Amino acid sequence: MIQDKAIIEVDRLNKSFGQNHVLRDFSLQLSEGENLVILGKSGSGKSVLIKCIIRLIEPDSGTINILDQDISLLDQDEMDLLRADVGFLFQSNALYDSMTIRQNLEFPLRRHWTKEERDQKAESAVKEALEDVGLLHTIDMMPAELSGGMRKRIALARTIILHPKVILYDEPTTGLDPITGREISELMNRIQEKYNTASIIISHDMNCIRMTANRVIMLIEGRNYAEGTFENLIKNQDPKVGDFFEGL
Amino acid sequence: MALLDKLDTPFFREVGEIARFTGRFFREVTKPKQEWEEFVNQSYHIGYKTFTLVGITAFIMGLVLTIQSRPTLVEFGADALLPSMVSVSLVREIAPVITALICAGKIGSGIGAELGSMRVTEQIDAMEVSGTNPFKYLVVTRVLASTVMVPILSSLAIAISLYGGYLGANLKGDVSWSLYWYQAYKALIYGDFIPAMVKTIFFGFAIGIVGCYKGYNSQKGTEGVGRSATTAVIVASLLVFILDLIAVQVADVLGLT
């Protein structure tokens with residue numbers, strides 16, 4: 001259920017790497033419960049944008065508000081606490097390959113839960129997250145023993161274990177076959193329904209976008225070039241927009 | 001300004017970055033809430049899993065040193081000094097430095113490759129996103145473990161190499177167990193042990209910090225991981241020799257030689 005209240009607000013964000021201006025006065029608003037897809041060419045700055053939002057990369061200028069907090073004003077401890085409300089699914093999954101699946105899922109709890117809480121609730125939280133992604137039987141396996149699709153699901157389970165209010169997805173279906181990609185997209189929708197999360201989804205997989213997006217922003221040359229529902233953008237006559245939807 | 005421009009070279013920039021990284025280590029290590037569980041885990045990996053390699057090398061080192069020194073001492077009729085000479089050489093210099101070089105190879109490359117791989121597969125970013133300070137969890141624990149374990153490994157290497165020396169002395173001679181150890185210990189003073197132990201602490205720290213620095217700042221995919229591991233070994237080995245040279249000079253100034 002999409003609410004009017006903005007959960008993330010990005011205002012006139014700029015980021016350059018040397019002479020390469022990746023983001024130019026980029027702005028967006030994400031409402032509670034909304035799935036917002038950022039669409040753009042490879043190297044257009046989509047991943048940089050969400051890494052700025054989670055403060056893995058510092059922007060050159062502009063402001064980012066998450067849950068009414070300007071993240072540039074937060075110290076490291078405050079930012080770490082805020083990160084409990086913002087999940088991040090990495091394109092590479094970023095599972096800790098020296099840890100079991102159980103340890104991978106328990107890892108985010110160690111910062112945000114007390115030892116007593118972990119002793120009492122960690123086991124059930126890990127199992128619930130694994131059940132959500134349908135992989136409870138992998139709990140004592142190592143990431144290397146899993147297929148690409150399974151690893152993506154485990155990474156998603158690790159992302160939702162703290163029940164974040166927002167999830168940032170960095171190309172969640174890239175590198176997966178169309179069937180597995182569709183399963184991941186369905187899973188993203190199920191998780192959104194269950195936990196009422198808002199999401200920013202970086203993708204150029206049209207099936208994923210069609211299945212998940214409430215709204216799409218086209219990031220071209222670092223700017224918010226076009227915005228609308230998936231259906232509206234397909235009908236857009238602008239050639240730069242049309243290139244993305246060719247053949248659909 | 002001209003001098004600063006001349007110093008603006010990749011070498012000095014790298015030195016500056018390592019200094020900054022080391023400064024961050026000292027800031028993080030003094031902040032509360034250390035990752036003791038991970039420190040113990042790393043101590044096990046760095047210490048226990050390197051012990052076999054260090055032990056075998058130390059044994060051969062003691063054996064070979066004794067076998068090769070014996071003919072020269074016999075020539076001067078000083079073969080009775082063999083245990084003393086071997087023990088002083090091993091304790092003061094050979095065992096600590098060789099142990100540190102082995103650790104630079106095994107631990108330095110291991111840390112460099114592990115952290116490098118974690119960096120390029122975004123695992124370090126994932127830690128940060130989960131609210132855990134990756135520097136404290138990955139770097140502080142490994143540097144501390146290396147700083148603690150290298151002196152311990154070096155002490156064990158001294159003991160094992162002296163035992164190798166005993167066997168070497170008996171290959172072509174006849175030295176009793178008690179006489180060998182009596183002579184070996186009699187030749188040693190605290191001034192031999194203390195500088196040797198102190199410098200291994202610095203060796204361990206250097207190996208840990210260089211391995212972590214190279215791995216933590218790894219770039220350019222799998223190629224970068226390989227480069228991190230290799231340069232970690234090269235820089236750490238070089239630092240061992242430089243620190244050894246400094247330690248000898250300092251011990252000399254302090255009258256410990």
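The expected span of a helix is 1.5 Å times one less than its number of residues. Keep that rule handy for the tour below.

**Before you start**

This is a predicted model, in which local features need pLDDT of at least 70, side-chain atom pairs count only at pLDDT 80 or more, and totals for chains, interfaces and linings use all residues. Residues are numbered from 1 along each chain as its sequence is written, while chains are lettered from A and ligands numbered from 1 in the order in which they are written.

**Stop 1: chain B as a whole**

Select chain B. You will find nine helices and zero strands; helices (H or I, at least four residues) and strands (E, at least two) are DSSP runs, numbered from the N terminus. The C-alpha atoms of chain B fill a box of roughly 65 × 45 × 35 Å along the principal axes. Of its 257 residues, 44% count as buried. Here a residue is buried if 20 or more other C-beta atoms lie within 10 Å of its own, exposed if 12 or fewer, and partly exposed in between, with C-beta atoms placed from the backbone.

Among contacts in chain B between residues at least 6 apart in sequence, 88% join residues at least 24 apart.

**Stop 2: helix α4 of chain B**

Now select residues 82–120 of chain B, which make up helix α4. This helix has 39 residues and reaches 53 Å from its first C-alpha to its last, close to the 57 Å expected at 1.5 Å a residue. Where does α4(B) bend? Look at B:Leu90, where the bend is about 55°, taken as the angle between axes fitted to the seven residues ending there and the seven starting there. In α4(B), 30 of the 39 residues are buried, so the helix is largely enclosed by the rest of the structure. Just after α4(B), click on B:Glu122, which takes a positive phi of about 65°.

**Stop 3: the largest nonpolar core**

A nonpolar core is a set of buried Ala, Val, Leu, Ile, Met, Phe, Trp, Tyr and Cys residues joined through C-beta atoms within 7 Å. The largest one has 129 residues, and A:Leu168, B:Ile207 and B:Ala236 touch the most other members. Helix α4 of chain B gives the largest share of this core, 17 residues. Centre on B:Ala236: leaving aside residues up to four places away in sequence, this alanine touches B:Ala104, B:Gly108, B:Ala206, B:Ile207, B:Val210 and B:Gly211.

**Stop 4**

Eight bridges join β1 (residues 6–17) to β2(A). Two pairs to click on are A:Ala6 opposite A:Ser31, and A:Glu9 with its bridge partner A:Gln29. These strands form a hairpin with two residues between them, and A:Gly18 in the turn has a positive phi of about 65°.

**Stop 4: strand β9 and its partners**

Select residues 215–220 of chain A, strand β9, which pairs in the parallel sense with β3 (residues 35–39) over four bridges. A:Leu39 has A:Met218 as its bridge partner. With β10 (residues 223–228), β9(A) pairs in the antiparallel sense over five bridges, and A:Ile217 is partnered by A:Glu227. The β9–β10 hairpin has two residues between its strands, with A:Glu221 in the turn at a positive phi of about 50°.

**Stop 6**

Most residues other than glycine have a negative phi. Select A:Asp25, where phi is near 50°, in strand β2 of chain A. Then go to A:Asn196, with a positive phi of about 55°, in the loop between α7 (178–195) and β8 (198–202). Is A:Asn196 buried or partly exposed? A:Asn196 is partly exposed, with 13 other C-beta atoms within 10 Å.

Methods:
Two residues are in contact if their C-beta atoms, placed from the backbone, lie within 7 Å. Two strands pair if DSSP finds at least two bridges between them.
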